[in-house]
Amino acid sequence: MIRLAKPGIPEAALSSVIEILKSGDLVQGRYVKEFETVLQEYLNTSYSIIVSSGTAALHLCLMALGIGKGDEVIIPAFSFPATANVVEIVGAVPVLVDITLDDYCLDVSGIVAKITDRTKAIIPVHEFGQSADIEPIMRIAREYDLLVIEDAACALGTEYNGRKAGTSGSFGCFSFHPRKAVTTGEGGLIVTEDRNLADKVQALRNHGISDNSGFVYPGLNYRMTDFQAALGLAQMDNIDKTIVNRIKMADSYNKLLENCDYIRTPVIFPDRKNVYQTYHILLAERIERDKLIEYLRRNGVQTNFGAHALHCLTYFKDKYGYEDTDFPAARQAYKKGLALPVGDHLKTGDIEYIVETLKNV
Ligand SMILES: Cc1ncc(COP(=O)(O)O)c(C=O)c1O
C-alpha cells in the first residue's frame, strides 16, 4: 500500500530517545529547549513555546488573549475541527466564513460582513500547507482592532511574500502530529513576538506556574516530553530538503494531471510558498469521491478527504442551525476534495502509478 503519509524519523533520533529514557529526565528539559531554539531560528521569531499538540497551542493562545464568553472569533468554514473546537471550549462563538477553492483558506472578501462589536479575533488557517491570504487579513484585523491567531498546524515552512506562516499574527500555532512533515507523535508549537504573551502561554502550559512569580494562573498541563522533542529536533536537520522534495512531488502531480478534465490541481500563487503538507485535488461534480477512495485503496493507494466543512459537522450544525448549503465552497471542498500521498516515503514511480490509477478509474 502506498501510504498517504509516513513519519520520517531519522535513525539518529532513536538513540537519543533511548539515552533520554535512561537518563530519567523525561519532561520539558534540555531537548524541548533545544527544539524551541531551532524552531525559533527557523521561523525567525522572538519566542517559541513547545506544547503537547496543535490543539493545545490554539487553546492556550485563546486563553492567553482572554477570549471567552460573549466573544466571537472568525474562522474558515473548512478546516480540521480543532480550529472551531477550541473556540467553543473557551466559551466563545466560532463565526464561519467561506473559503476560496483556489487556496482552501479564508475568503478575505467574506470577513468584514461577519465582524460585529463582539468580534475579538480571526483565526486564519493555512490549510494543507498553503498560506492564507495573510496580508489583507492583517489589514482588516488592524482596521477593526482584531487579534489574529494563525492556525499554521499544517504550515511549517510555508511563506507569503517571503514571510513565514505563523509569524504575522499575535500568535502562530503549529502541529507535530504524525501526518505532518515534522512529527513528534503528538506535539505543537506556539510562536509570538510579544514577551508578555510568551510568558503567559509558558505559564499556562505548565499548570499556571511562572518561572519568576510562582503560581499565577489556573493553567493546564500541555507540556511535551523530552524524548518527543528529540524526534522533532532530528527532523529539523532535514526540513529544507523535506520541503523541496514535497514541492517537486507536487510539480510532478501537477504535470501528470494537467489534462485530466475531472481533476483540479492546486493553484500556484507566485507570492506564496506552499509546502504541500497535503497534496489536495478537487474532483469534478460527477466523480463520487468516496468510491474513488475505495477504488484507489483496492489498487494499493491510500488517500483520504482533505478537511471538514465545519457547518456540516453534527455539533455545529445542531448548535447553530446551519444548512449544508450555507458555505458552498467549504462544502464542495469537503465533498469533492482528495488528499493524495506525498512525502519522503514515496518511491520512484509511485506518483506515476498513483496518477495512472486515478486516470483509469
Ligand atoms: C488546521 C489544523 N488545526 C489544528 C489541528 C490540530 O493539531 P493536533 O492534531 O496537533 O492537535 C490540525 C491537525 O491536523 C489541523 O489540521
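**Ligand shell, strands and core**

Modeller: By class, the shell around the ligand holds five nonpolar, eight polar and one charged residues. This is a predicted model, where local features need pLDDT of at least 70, side-chain atom pairs count only at pLDDT 80 or more, and totals for chains, interfaces and linings use all residues. Residues are numbered from 1 along each chain as its sequence is written.

Biologist: What makes a residue of the shell nonpolar, polar or charged?

Modeller: Residue type alone decides: Ala, Val, Leu, Ile, Met, Phe, Trp, Tyr, Cys and Pro count as nonpolar, Asp, Glu, Lys and Arg as charged, and the others, Gly among them, as polar.

Biologist: Which residues are the closest to the ligand?

Modeller: Gly54, Thr55, Phe80, Ala153 and Ser175 are the closest of the 14 residues that surround the ligand. A residue counts as near if its C-beta atom, placed from the backbone, lies within 6 Å of the molecule. Helices α3 (54–64) and α4 (82–89) each supply at least two residues of this shell. Helices (H or I, at least four residues) and strands (E, at least two) are DSSP runs, numbered from the N terminus.

Biologist: Why is Asn44 called exposed?

Modeller: Asn44 has 10 C-beta neighbours inside 10 Å. Asn44 is in the loop between α2 (30–43) and β1 (47–51). Its phi is positive, about 55 degrees, although Asn44 is not a glycine.

Biologist: Why does Asn161 count as exposed?

Modeller: Asn161 has 10 other C-beta atoms within 10 Å, so Asn161 is exposed. Asn161 lies in the loop between β7 (159–160) and β8 (163–164). Its phi is positive too, about 50 degrees.

Biologist: How do you know that β7 and β8 pair?

Modeller: Two strands pair if DSSP finds at least two bridges between them. β7 and β8 have two bridges, in the antiparallel sense. The open sheet runs β8-β7-β14, with antiparallel pairing. Its edge strands are β8 and β14 (272–273), each pairing on one side only.

Biologist: What makes strand β15 mostly covered?

Modeller: In β15 (residues 279–283), four of its five residues are buried. β15 pairs antiparallel with β13 (residues 263–264) over two bridges. Four bridges join β15 to β17 (residues 337–340), also antiparallel. His280 stands opposite Ala339 in β17, and Arg264 opposite Leu282 in β15.

Biologist: What makes a set of residues a nonpolar core?

Modeller: Its members are buried Ala, Val, Leu, Ile, Met, Phe, Trp, Tyr and Cys residues joined through C-beta atoms within 7 Å. The largest such core has 107 residues; Val51, Ala57 and Leu60 are among those that touch the most other members. α3 gives the most to this core, with eight residues.

Biologist: Which residues is Val51 in contact with, leaving aside its neighbours within four places in sequence?

Modeller: Contact means C-beta atoms, placed from the backbone, within 7 Å. The contacts of Val51 include Ala56, Gly188, Tyr222 and Met224.

Biologist: How many residues of domain 1 are in contact with domain 2?

Modeller: 33 residues of domain 1 are in contact with 31 residues of domain 2. The touching side of domain 1 divides into 17 nonpolar, nine polar and seven charged residues. The assignment gives domain 1 (11–236) and domain 2 (239–359); such bounds come from an automatic or database domain assignment.

How values were computed: A residue is buried if 20 or more other C-beta atoms lie within 10 Å of its own, exposed if 12 or fewer, and partly exposed in between; C-beta atoms are placed from the backbone. Two residues are in contact if their C-beta atoms, placed from the backbone, lie within 7 Å.
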